[in-house]
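Below is a short briefing on one protein model. It covers a helix, the aromatic side chains and the overall fold.

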Amino acid sequence: DVEALLREYTDTVGLSKKVLASQVAATQRSDGLEQEYSQLQTQVEMRDGGRALAQVLFDLQDQLLNPISDDVFNSAKFPTVDDLRLRNLKVERALRNHTSTQMQRFPGLSSEAEPLLDAEKELLDRLSKEYRDLLPVLSALDVADGLYLQRVDEVRDYISEQLFWIRSAAPVTVSSFSEIPSGMAWLFDADHWREFARNLFLLMTRFPARCLVLLIAVVTLCITRPWIIAALTRVGLGTRRISTDRYKLTWQALGLTLLLALPIPLVLFFLAWGTMQAEDPSAWLRGMGSGLNNAIWVVLVLEFAGAASRPGGLGIVHFDANAKTMRLLRKVVFRLGIVYVPAQVLAASTLYGDASQYSGSVGRCFFICAHVWVILLVIRMFKSSQGLLASSEEKETQVGRRKLQYFLFALTSIVPSALIVLAWQGYLITAIELSLNFVATLA
């Protein structure tokens with residue numbers, strides 16, 4: 001018993017030192033955050049930050065991605081206050097019952113055993129004191145962590161709000177066009193792509209099991225694609241008869257369509273995850289990771305729309321969509337994806353650090369070209385002979401529905417145009433964010 005008490009006492013003393021160190025670190029951490037936040041607000045109020053201020057905001061935002069990941073700060077590794085209370089109660093009970101217990105255990109207590117029992121009592125006294133001193137400190141640390149995380153959320157919201165309407169580049173001038181060749185040379189520099197490949201190789205050596213699971217999932221989805229399409233066709237056949245048509249068939253079709261849409265998003269997820277795991281990424285790799293992360297769900301939406309519009313698929317069979325319109329939609333989605341997604345990723349790669357010097361030239365160029373392409377595809381989608389407007393006229397669609405289609409045509413044409421104007425004026429971060437939100441809204 002004495003040996004066990006000694007181990008518990010030693011562990012508790014060590015825990016007390018760690019908690020006190022974490023309390024000091026928590027105070028320094030909170031003071032540092034308040035100081036940075038105050039300086040940031042001062043710079044924002046000056047209204048003359050531009051690209052430099054955007055980088056300050058990005059850097060602070062990155063620091064707050066995982067605010068308690070550091071072991072020095074992380075109180076989650078400590079026992080809970082309730083656990084300590086239970087331990088303390090157990091020690092207090094053992095201390096109160098110490099005299100009577102020792103008489104029960106040792107009826108003929110000899111003088112040789114008394115020092116051992118006295119040492120046991122002394123350990124219980126010290127252990128009880130350690131627990132009593134540790135409880136309020138640990139409780140205060142929990143409160144400090146909660147307040148800090150609450151403050152972190154407030155600072156994150158403030159940063160997101162400021163980034164949304166910050167002018168990260170000057171409006172387009174003649175020099176903006178003259179800087180595009182040098183920006184292209186920097187963007188496609190071989191060193192950047194070697195860094196990208198090297199980082200993926202390191203990822204596979206660090207996380208071989210995860211990479212293997214992801215690879216197996218992608219390969220399996222690609223190999224089984226013909227069987228998934230056949231299953232989707234069989235599900236569609238069940239809807240042709242009233243006796244066999246069920247709501248669950250539509251849910252099955254949704255699931256099969258999602259499986260058809262998954263391979264490319266999974267590959268993008270692997271690439272984005274790989275870049276995010278880089279220990280010391282360059283500004284280019286950091287931006288590339290952000291762009292790939294945004295591209296995952298954009299590609300998922302486009303792939304799902306393409307799979308849903310295939311012959312015998314979800315749109316035609318389960319929602320009675322026009323076959324010609326679905327064929328056109330599939331072409332439009334494919335053409336949109338091969339331009340819009342790479343352009344968004346490359347534009348995002350110019351947003352961070354030293355790379356931001358090219359955001360006003362090559363980054364903006366990619367963004368504007370992508371949205372001009374979007375406008376042309378929208379016009380084709382609605383105004384061609386097989387488009388939505390022509391299809392509604394052939395079916396003699398109700399006036400309300402036709403008005404809705406004209407409204408959607410106007411909306412999907414005006415929004416990309418407005419985003420081009422925003423990017424032209426230097427609000428590239430705002431334009432990228434609104435563009436992604438617009439895709440999410442359409443989805």
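**Helix α13 and its surroundings**

Helix α13 runs over residues 283-308, and its 26 residues reach 38 Å from the first C-alpha to the last, close to the 38 Å expected at 1.5 Å a residue. The model is predicted.

**Overall make-up**

- The protein has 19 helices and zero strands.
- Of its 443 residues, 42% count as buried.
- Among contacts with a separation of 6 or more, 81% are between residues 24 or more positions apart.
- The accessible surface comes to about 24700 Å², and carbon and sulfur atoms account for 61% of this surface.

**Aromatic rings**

- A pair of aromatic rings is described by the distance of the centres and the angle of the planes.
- Ten aromatic pairs are counted in the protein.
- One of them joins F188 and W193, with 6.5 Å centre to centre and 15 degrees between the planes.
- This F188 and W193 pair counts as stacked because the angle is under 30 degrees.
- F188 has a relative accessible area of 43%, so this residue is partly exposed rather than buried or exposed.
- W193, at 33%, is also partly exposed.
- Ring pairs link F188 and W193 with F196 and W284 into a cluster.
- W284 in this cluster falls within the residue range of helix α13, 283-308.

**Charge over a ring**

- The charged end of R29 sits over the ring of Y148, at 4.1 Å from the ring centre.

How values were computed. Residues numbered from 1 in each chain as written. Predicted model: local features only at pLDDT ≥ 70, side-chain atom pairs only at ≥ 80, totals over all residues. Heavy atoms only, no water. Phe/Tyr/Trp six-rings, centres within 6.5 Å; stacked < 30°, edge-to-face > 60°. Buried < 20%, exposed > 50% of the residue type's maximum accessible area, 1.4 Å probe, protein only. Lys NZ or Arg CZ within 6 Å of the ring centre and 35° of its normal. Helix = DSSP H or I, 4+ residues; strand = E, 2+ residues; numbered from the N terminus. Expected span 1.5 Å × (residues − 1). Contact = heavy atoms within 4.5 Å. Areas by Shrake-Rupley, 256 points an atom, 1.4 Å probe, with all protein chains shown as cover.
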